[in-house]
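Visitor: I'd like to learn how to read side-chain contacts in a model. Could you walk me through them?

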Amino acid sequence: MSMDNTAAQLLGPVMLDVVGTKLDQDDLRRIADPLTGGVILFARNFESRRQLVELTRAIHAARPGVLIAVDHEGGRVQRFRSDGFTRLPPMRALGQLWDADVLAATRAATAVGFVLAAELRACGVDLSFTPVLDLDYGESGVIGDRAFHRDPRVVTLLAKSLNHGLALAGMANCGKHFPGHGFVKADSHVDIPVDERARKEIVEEDAAPYGWLGLSLSAVMPAHVIYPEVDKHPAGFSKKWLTMLRRDMHFTGVIFSDDLSMEGASVAGGVTDGARAALAAGCDMVLICNAPDKADQLLSELKLPASFAASAARISALVPQPGAASWEQLQADERYLDARRVIGELRAG
């Protein structure tokens, strides 16, 4: 779905979720709110492909041009797993293949990106929050095999291939979790992780895919991690980190906050305080998930920032152009079928 410049101005800075497999009146009210610009789906919103298509159509009808997103990385973070959806490997499998065969790994990464995006777009989903660019230090339980590799150069090259696959299916990308969530053991969903390392090490290692290694990204999601050598605030609430991303790393895409209902966001205060802090720090869009009461509070209390026009234009650029192949068309698409075969061989190996 494409939008003209007028419609782009109507997209707000809040991405929220829906309760079930169909929209109820509260869902419709929240989606239609002027502050809403995106809807994120979870496994609870999926029971079949037909139902998912009906749900995404209903969301787009409730708010034309709204961005529908999902965390659909592969491995243990894949929201839709049945009714024909390809089981995607964890990104660590691509890193392990790289160590054995670089060309095979880049081909497989492109295949994963293409299948991931083609299947989602066939069901009306606009964006997946992928790739994970965190380094695989082997310590983080929440990141773990979601990471490609320990070497930021390998992470960058595999992410480039995966992003190419996404683009072939008409989908943008979102690198996460800036500047890096792989070193800390704590899970920001339930804790407030702190990374005590020096700024130089974090920037030259973990943040390298965003910076000097030159990975082109459509969007970035910062980590709910505090890096006290740089700032007392988590990266998603840190003007220092987000200014570094924009100014020093020349990033021009969308910056999403991670979920404001996560424990790692609690240092910013209540949900509205957190949203204000994230937007003031440089985020374009804030996520509020799994807490309808907090979503209602945010929509009732948050005011649209005066400078939001630039953010609205960036967000609208993530909405894919029309013309995605249907599920039936994919089943006759040789490029898609070949990509699925590559993924099957990777999983079998």
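Guide: What follows is a short tour of charged pairs, then of aromatic rings. Keep in mind that this is a predicted model.

Visitor: Fine. How many salt bridges are there?

Guide: The idea is to look for a Lys or Arg side-chain nitrogen within 4 Å of an Asp or Glu carboxyl oxygen. By that rule the count here is 25 salt bridges.

Visitor: Let's take one. Which residue does R150 form a salt bridge with?

Guide: R150 pairs with E205, and their closest N and O atoms are 3.0 Å apart. R150 sits in the loop between β6 and α6, while E205 belongs to helix α7, so this contact ties together parts that are 55 residues apart in sequence.

Visitor: What about R197 and E201, how far apart are they, N to O?

Guide: Their side chains meet in a salt bridge at 3.6 Å. E201 is partly exposed, with a relative accessible area of 37%, whereas R197 counts as buried at 8%. R197 also lies over the face of F183, 4.1 Å from the ring centre.

Visitor: And D248 with R247?

Guide: Those side chains form a salt bridge as well, at 2.9 Å from N to O. D248 is partly exposed at 38%, and R247 is exposed at 55%. Elsewhere, salt bridges with shared partners join D26, D27, R29, R30 and D296 into one network.

Visitor: Now the rings. How many aromatic pairs does the structure hold?

Guide: Nine. F85 and W327 have ring centres 5.2 Å apart and planes at 65°, so they are edge-to-face.

Visitor: Where do F85 and W327 lie in the fold?

Guide: F85 is in the loop between β5 and α4 and W327 is in helix α12, so the pair ties together parts 242 residues apart in sequence. F85 is buried at 5% relative accessibility, and W327 is buried at 8%.

Visitor: How are the rings of Y227 and W241 arranged?

Guide: Their centres are 5.3 Å apart and their planes are at 65°, so that pair is edge-to-face. Y227 lies in the loop between β8 and α8, and W241 in helix α8, so the parts tied together are 14 residues apart in sequence. Both residues, Y227 and W241, are buried.

Visitor: Which residues do ring pairs link into a cluster?

Guide: F46, F80, F85 and W327.

Key
Residues are numbered from 1 along each chain as its sequence is written. This is a predicted model: local features need pLDDT of at least 70, side-chain atom pairs count only at pLDDT 80 or more; totals for chains, interfaces and linings use all residues. Side-chain values use heavy atoms; hydrogens and water are left out. Helices (H or I, at least four residues) and strands (E, at least two) are DSSP runs, numbered from the N terminus. Buried means under 20% relative accessible area, exposed over 50%, partly exposed in between (1.4 Å probe, protein chains only). Rings of Phe, Tyr and Trp (its six-membered ring) pair if their centres lie within 6.5 Å; planes under 30 degrees apart count as stacked, over 60 as edge-to-face and the rest as tilted. A charge sits over a ring if NZ of Lys or CZ of Arg is within 6 Å of the ring centre and within 35 degrees of the ring normal.
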